[in-house]
Amino acid sequence: MRIRWLMTASLALAVALGTFSATAAFATDPLTLDSGYVTDDVGVLSADEQNAVEARLLELTENSDADLFVVLVDSFTSPSDYVQWADTVADNNNLGPEQYLLAIAVEQSSYYISAAQGGPLSDGKLDDIEEKIQPLLAQGDWDGAIILAADEIQGDGGAGALRAVLVVAAIFAAALVIWLIVRLVARARRNAAIRERGAMPETPDPNDPFSTLTDDQVETQAGSALVQADDAITSSREELGFAVAQFGEGATAAFSGAVDTAKAKMSEAFDLRQKLDDEIEDTVHDRRAWHIRIIQLCDEIDEVLDANAEAFDALRKLEQNAPQELERVRAERATLQPVLAEAAPTLAALSSSYDAAALSTVADNPAQAQERAALADRSISAAADAIAAGKSGEAAFAIRTAEQSVAQAAQLAQAITALGAELTAIEAKAQALIVELQGDVATAQRLPDTAGTITATAAATNDLLRQAQTDLSGSARSPQRALEALTAANTQIDAAIAQGTESAERARRVQQMLEQTLSQANSEVRACREYIETRRGTVGSTARTRLSQAETTLTGALNLRASDPEAALTAAGRALELVRQATYSAQADVEAQNPQRYENAGWGGGGLFGGSSSGSGGSGIGGDILGGIIGGLLSGGGGGGGSRSSSRSSSWRSSGGGGFRSSGFGGGGRSSGGRSGRSGGGRF
């Protein structure tokens, strides 16, 4: 009986132990991951399968931005929810946003991919991966499911990424080819434009009429101008031959000179053309410059010949109307006689009033006018004789000579009268300037002149005034010389007055600013002194030192007030700066020791000992002492320890190879913001 009881008890104990062991093996709490990628807690993977899976997951790490860790257990417990269990394992093992955990409960037939927020894979992608590996898990193909998950995370085993790289490379290559083609076409067009433009300026110059023409256009225009100019000279030589035969060599001497000038310019143009056509290679800039010079020479030739053509036409008109033109010139000569008669007396009258240098430009005008009148008389007689002899050409030349002689004689005589009027006007201007300068000298003498420059300028101006008055008096006056000297003196005295006025205005402003600054500094020094004296229990040495310096500097400014206002202003400004520093420092000292701060910080209402609190700065010696005590306690007293903070990184990455992590992940929470807790995974 006893034996039967013992056997029954042993059997019950064995059953109980077996049941307990089975239960312990079936239930798995969140665990620490192994050192590799796969943690097979139930041993469902063979050694070869685990090696193949580890190799594939290492390849995933090396070829993508994601890591995949796998844990295989019997079932999920504590928590039993597969999402919470997987997220807890990931959190406990410090997996980062780019690290995913595939948790598989073999006996429980549950699985889930845990992902942190901000990872490279979207929730939709994770759902798709879970859906694809579910059939393999249901078949017990554990290594196949893991490898498929790695393939899906990486993307076609890396083929998708390779295709993307190839597509991007192809697009880049195509873009590069297009860019090269565009550059080559643009360069070809630019080179063609450069060849077409040659030495033509890129930017047109408004002052250069050739800047808008290409080299070919300039060359074409030069060739055409050369031909036209040569034809014009040939025609002019023929015209000159007719003129000499008609009017005589004397009448056509000026025309002959014009043709000779045109021929010389034409010779220069042909020389340039020869240089352009010889075997020596010229630069594009030289060729352009020579073509432009040819065009310019041809234009000058046209101008010379056109002017002489107009003179020829006028001479022919005189020839056609010689008798009438002769009478016209005789009438002009008759009106000239009274003007000539007044020339000498007018000059004599001016000579009695003005210096000879003032009349030097018209001193021989009467004599020159008489000579021109005599030439006119001879030409008029010659013209009459030529008309009577039927020599109309010679008559025209004589009439032209008489006409020009009469005009020159009248101009010489009138110049004397004009100069007299000018001298009178200049003399009036000089007298007015003398009056103005006398006023300027008086103004300058009233201005402050510490350097003595204004006094020297005024003295020099007085000397010039005396000299000018001498030049404008007596019988040998020289208004031009006097006006020139007075103008120079006026420029100098005006500059001196401007400088003196500016100095006076500056002195006035300095004095005004000095009085204001002294008053302000004195007021602030007094206020600061009173502030420190009434709070001397709390004000430190810095404020007192600054105040002492401010008082000393202010005294120095007052001493310089009369002798050197500018230096006094500088000193007063420095004193004002120092006293403000002193005031700021004193107020800071008082604020640091003000009991009101601690009352406001939670010491209770009213005063520290039941009295009322004062305003800013405290009141009386008691307040100062109390503030000093509290300040000393705060600055010297300690409170012990401080808070410490620690942080650990929220993620890590493998650099390749097995066993890439240190043993164990350690505990503690993660700072990456937690796992996503998405509604994926499920049963298989």
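**Ring contacts and a buried threonine**

In this predicted model, Arg 477 lies over the face of Tyr 354, at 4.7 Å from the ring centre, where a charge counts as sitting over a ring if NZ of Lys or CZ of Arg is within 6 Å of the ring centre and within 35 degrees of the ring normal. Local features require pLDDT of at least 70 and side-chain atom pairs count only at pLDDT 80 or more, whereas totals for chains, interfaces and linings use all residues. Residues are numbered from 1 along each chain as its sequence is written, and side-chain values use heavy atoms, with hydrogens and water left out.

The structure holds five aromatic pairs, a pair being rings of Phe, Tyr or Trp (its six-membered ring) with centres within 6.5 Å, called stacked when the planes are under 30 degrees apart, edge-to-face when over 60 and tilted for the rest. Among them, the rings of Tyr 82 and Tyr 112 are tilted, because their centres are 6.0 Å apart and their planes stand at 55 degrees. Tyr 112 is buried, with a relative accessible area of 0%, while Tyr 82 is partly exposed at 24% (buried means under 20% relative accessible area, exposed over 50%, partly exposed in between, with a 1.4 Å probe and protein chains only). Trp 142 and Phe 684 form an edge-to-face pair, 5.8 Å centre to centre with 75 degrees between the planes, and both residues are buried. Ring pairs link Tyr 111, Trp 142 and Phe 684 into a cluster.

Thr 77 is likewise buried, with a relative accessible area of 18%.
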